[in-house]
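Open the model in your viewer and keep the selection panel at hand. The stops below go from one selection to the next.

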Amino acid sequence: MKIKLWWLTFSPLCWAGHFLASYLTTAIYCAKFASPEGDALPVRIAVAVFTIVALSLITFFGVRSLRLHRRGDATLPHDDDTVDDEQRFLGFAALLLAILSGIATLYTALVFVLMETCH
Amino acid sequence: MNESAERLLKAWRTPKGWRYWSAVNNSKIGLWYTITAFGFLLFGGLLALVMRIQLAFPENDFLTADQYNQVFTMHGSVMMFLFAVPILEAISILLLPEMMGARDLPFPRLSAYGFWAFLIGGVFVCGSLFFGAGPRGGWFMYPPMTTQYQTGVGADIWLLGLSFIEIASIAAAVELIVGVLKCRPPGMRLNLIPLYAWYILVVAVMILFAFPPLIAGDLLMELERALDWPFFDASRGGDPMLWQHLFWIFGHPEVYIVFLPSIALVAMIVPTFARTPMVGYGWIVLAAVGTGFLSFGLWVHHMFTTGLPGITIGIFSAASQAVAIPTGIQIFCFIATLLVGRVTRSVCLLFVLAGLATFIIGGLTGVMVAIAPFDYQAHDTYFIVGHLHYVLVGGTIFPIVAGFYYFYPLITGKQLSERLGTIAFWLMMIGFNVSFFPMHITGMIGMPRRVYTYPAGMGFDNLNLISSVGAFVLAGGFVVFLWDLLRPKGGQPTAPRNVWNAGTLEWLAEVPDQPWGVRSIPIVESRYPLWDQENFVRDVDEGNFYLPDAEEGLRETLVTSTVEATPIQCLRVPGPTFLPMWAAAFTGGVFIFGTFHWYIMAGVSGVLAFFTILAWLWTGTAIIPEKTEKNVGLGLTLPTYVSGPAAVGWWAMFITMLGDMTAFMSLVFGYFFYWTVHEDFPPKDVEGPGVLWPLVSVFCALAAWGLMLLSRKLNSRKNGSLFYVSTLTSVLMTFAAAGALIAGPWLHNMDPTEHVYQASVCVLVLWTVIHLALGAVMQLYAVARRAAGKMTHRFNADIVNVTLYWHFMMLTAGITGLTIALFPLVS
């Protein structure tokens with residue numbers, strides 16, 4: 001496989017999807033369906049599922065990016081005009097973005113670990 | 001100068017005399033844009049000084065409360081909309097092609113249109129202040145204050161004037177995205193592009209997704225102000241919170257939209273003065289892309305005190321903490337580069353370092369206010385004023401001043417004074433900190449923002465006086481800087497070429513610069529070709545690379561593939577014309593006359609704008625070339641006409657429509673937002689648009705879309721008759737779709753002023769019908785092009801792009817029809 005520019009966006013898009021899904025589920029549940037005490041258990045379960053899905057996808061993209069980064073003989077800092085340099089660079093940037101997206105996803109998930117109600 | 005160079009020069013020559021203003025070349029438009037944006041910075045700065053005079057002493061009466069409200073509103077609006085965003089577009093239009101060895105950006109006339117729109121809109125908005133008619137609602141224009149309690153035209157001027165400028169920003173974003181992706185020199189793979197280009201790519205994409213929600217919000221608020229559609233009126237089901245969401249979905253990414261391009265300048269300046277390549281290129285790309293994404297997950301941190309559920313606040317607080325990671329990484333890369341390099345002293349670097357230090361302080365207070373409990377205390381106090389100025393002045397203004405010192409010789413051929421620069425630096429640095437640091441304390445002890453005065457003896461007196469003194473010292477720094485920019489430099493020797501001994505392509509520029517950009521478009525093999533590639537400058541100058549000639553007397557540049565930068569087309573770019581200027585003037589007329597409810601004038605202006613843009617497209621786009629292929633040098637032959645995803649025009653349409661869809665989805669978000677905040681939405685006792693007519697509309701739109709796909713196919717036949725039949729039938733189906741969509745609310749007597757439900761349905765219908773009308777115009781345009789022989793079975797860019805529009809049109813019509821018809825059944 002050859003990495004295209006789109007590849008860089010996949011992990012951050014997983015974060016964005018997880019973030020939006022968590023936010024919208026929470027906003028709708030807390031506004032429309034929560035009990036007066038605001039017990040957020042259903043949302044917490046939903047976000048746990050979202051998190052497993054998002055982190056699995058991010059891990060997939062991260063591992064794949066790492067493999068693509070390892071391919072070829074181009075040496076650091078990948079600043080030559082060759083296909084290997086270009087691909088190793090893109091693989092590395094995508095790997096870093098996967099790590100960042102994973103951390104940001106965990107940040108979001110952490111809120112649902114720590115908070116038990118909507119309020 | 002040899003014959004080929006003369007031909008090239010003739011093709012790119014800037015018009016003389018009054019025709020100078022018809023120039024569309026990036027070097028001229030970029031320069032005008034920069035000067036205009038800088039002018040607005042000075043205006044915004046003067047407004048700040050006026051505020052500081054008022055606040056210097058308690059119970060001061062230098063300004064009335066009403067004047068103060070106009071001044072602070074305008075200060076924020078000018079700085080954000082007329083300086084911070086436009087200056088990034090200006091600098092990018094000016095320098096990006098140079099950094100990529102391109103002759104120009106792919107759509108010079110679009111840049112020109114954006115510039116004129118910016119100038120007209122900016123002067124209009126600022127001018128209102130001198131008639132006491134300026135907006136008074138803060139740069140965020142919160143309703144219901146701005147919808148129910150402010151009767152004058154101030155809020156309308158803000159809404160319409162700035163919407164006009166936002167459209168110009170989106171135009172620039174389209175230009176810059178296509179520029180970075182398609183106009184790089186051969187060999188400049190994604191791992192070699194200047195970091196500036198990476199940042200600008202990210203920022204332009206951010207503009208594309210951040211500005212449309214605000215445009216949607218502006219539309220809703222103007223509909224409420226002009227036609228009484230109650231989107232933000234709680235007594236009729238509306239909710240002011242929707243505005244806050246739409247504004248801050250724009251407003252927070254906006255902070256990064258203004259920060260990243262300035263830090264991009266830093267990324268160009270630091271390696272030059274450290275005399276070494278940037279450390280951690282890949283990490284900086286991570287930072288740019290990562291910040292771009294995460295910045296869209298922060299908007300609610302401006303709304304922590306609005307009573308949202310705690311768990312929602314938690315999500316946004318967490319994202320606000322997370323964005324500090326990529327932001328910090330790039331700063332570490334800059335510091336590392338300075339540490340490993342051999343740093344040479346210069347005023348540029350002083351401003352860079354001041355920028356980084358100031359931004360770090362602003363970033364740290366940012367992490368403080370991202371923690372909700374602290375924000376509850378600090379919200380709407382001077383602490384926030386201190387925080388945001390540390391971020392914006394450190395993250396934007398200081399790097400831009402550094403950029404002025406760095407690039408001034410490139411543009412004018414003369415250097416700025418290091419001595420004056422040092423004086424300006426210290427005045428600005430000391431003045432800034434004296435002015436803004438005390439504001440953190442003023443805020444902590446409880447002084448609220450946006451008040452025109454304060455009583456004596458509350459502990460605010462001395463701190464405010466110190467801030468005011470600091471503001472004047474800062475202004476003194478700007479006066480020295482301005483003098484350095486403007487002082488006559490006739491007696492000063494011309495700066496040598498590549499005066500800083502930098503490694504990137506923009507420093508190929510000759511002194512004095514030639515209008516052609518580069519003598520020949522080079523093959524790039526390194527991130528710093530001027531440092532690494534042997535005889536590079538000589539080869540460029542001798543025309544040993546691509547397109548060293550203009551045999552046909554046309555302006556040409558290369559289009560390359562997105563990742564590898566392999567040449568794929570010789571693009572003819574259009575030359576000077578007044579059409580974009582007139583188009584901007586007439587479009588401006590629609591907004592400006594509309595502000596004062598002079599609807600006939602606005603209508604006439606709209607018609608004129610329509611025909612001017614049509615004339616511009618008809619005469620300047622998808623021109624059938626005199627030869628299908630051209631030898632561009634070094635034995636390479638490239639096509640002169642391409643269509644579909646290989647063409648820059650296709651990308652421009654695709655990107656524009658992504659922005660358009662974002663605005664549309666913001667309106668759809670509004671519809672569902674009202675559902676979440678109401679017990680019953682749609683209200684049980686109100687009749688909706690029904691199921692039949694919206695679904696008929698979806699069906700007709702589907703047919704129109706299908707016929708457009710067929711038309712694209714039929715156009716490839718030599719005989720065009722079936723193409724005409726198919727396209728004209730599609731036009732009929734388009735009209736039918738629009739008629740059926742209107743019929744729904746019309747036949748059910750839905751009054752959009754009655755309740756927000758009706759208003760939400762009607763605004764979706766209005767949006768879709770306008771787009772269907774545009775779709776019909778495009779269909780008829782394609783028919784006319786084929787009939788006039790300007791589009792043929794082979795040269796088919798027009799129909800391909802119109803069909804692309806129709807993909808998005810189908811989505812819009814489908815989502816509107818299905819939402820308004822079916823959602824009431826399931827809610």
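How much area is buried between domain 1 of chain B and domain 3 of chain B, and what percentage of it do carbon and sulfur atoms give? The model is a predicted one, and in it this interface buries about 2100 Å², with 81% coming from carbon and sulfur atoms.

**Stop 1: the domains of chain B**

Colour chain B by its domain assignment: domain 1 is 26–486, domain 2 is 579–618 and domain 3 is 652–826. Then select domain 1 and domain 3 of chain B, whose C-alpha centres lie 36 Å apart. At their interface, 25 residues of domain 1 are in contact with 26 residues of domain 3. On the domain 1 side, the elements of chain B that give two or more residues are α6, α7 (195–227) and α8 (240–274). Of that side, α7(B) gives the most, with nine residues.

**Stop 2: helix α6 of chain B**

Now select residues 154–182 of chain B, which make up helix α6. Colour the helix by accessibility next: 28 of the 29 residues of α6(B) are buried, which means that the rest of the structure largely encloses it.

**Stop 3: backbone exceptions in chain B**

Most peptide bonds are trans, and most residues other than glycine have a negative phi. The next selections depart from that pattern.

- Select B:P143 and B:P144: a cis peptide bond joins them, with omega about 5°. B:P144 sits in the loop between α4 (108–127) and α5 (145–148) of chain B.
- Go on to B:V511 and B:P512, where the peptide bond is again cis and omega is near -5°. The loop that holds B:P512 runs between α16 (461–486) and α17 (529–532) of chain B.
- Select B:A622, which is not a glycine but has a positive phi of about 50°. This residue is in the loop between α20 (599–620) and β3 (629–633) of chain B. B:A622 counts as partly exposed because its relative accessibility is 24%.
- Select B:N749, another residue other than glycine with a positive phi, near 50°. Its loop lies between α23 (721–747) and α24 (756–787) of chain B. With a relative accessibility of 67%, B:N749 counts as exposed.

**Stop 4: where chain A meets chain B**

Show both chains and select the residues in contact: 45 from chain A and 45 from chain B. Together the chains bury about 3800 Å² between them, 77% of it on carbon and sulfur atoms.

How many salt bridges are counted between chain A and chain B? The count is two. One of them can be found by selecting A:E86 and B:R189, whose closest N and O atoms are 2.5 Å apart. Nine residue pairs, both at pLDDT 80 or more, are in polar contact across this interface of chain A and chain B. On the chain A side, α1 (7–33) and α3 (83–114) each supply at least two residues. End the tour on α3(A), which gives the largest share of the side of chain A that touches chain B, 16 residues.

Key. Residues numbered from 1 in each chain as written. Chains lettered and ligands numbered in written order. Predicted model: local features only at pLDDT ≥ 70, side-chain atom pairs only at ≥ 80, totals over all residues. Heavy atoms only, no water. Helix = DSSP H or I, 4+ residues; strand = E, 2+ residues; numbered from the N terminus. Expected span 1.5 Å × (residues − 1). Buried < 20%, exposed > 50% of the residue type's maximum accessible area, 1.4 Å probe, protein only. Domains from an automatic or database assignment. Contact = heavy atoms within 4.5 Å. Buried area = accessible area lost by both parts, 1.4 Å probe. Salt bridge = Lys/Arg side-chain N within 4 Å of Asp/Glu carboxyl O. Polar contact = N/O pair within 3.5 Å; in protein donor to acceptor, adjacent residues only side chain to side chain.
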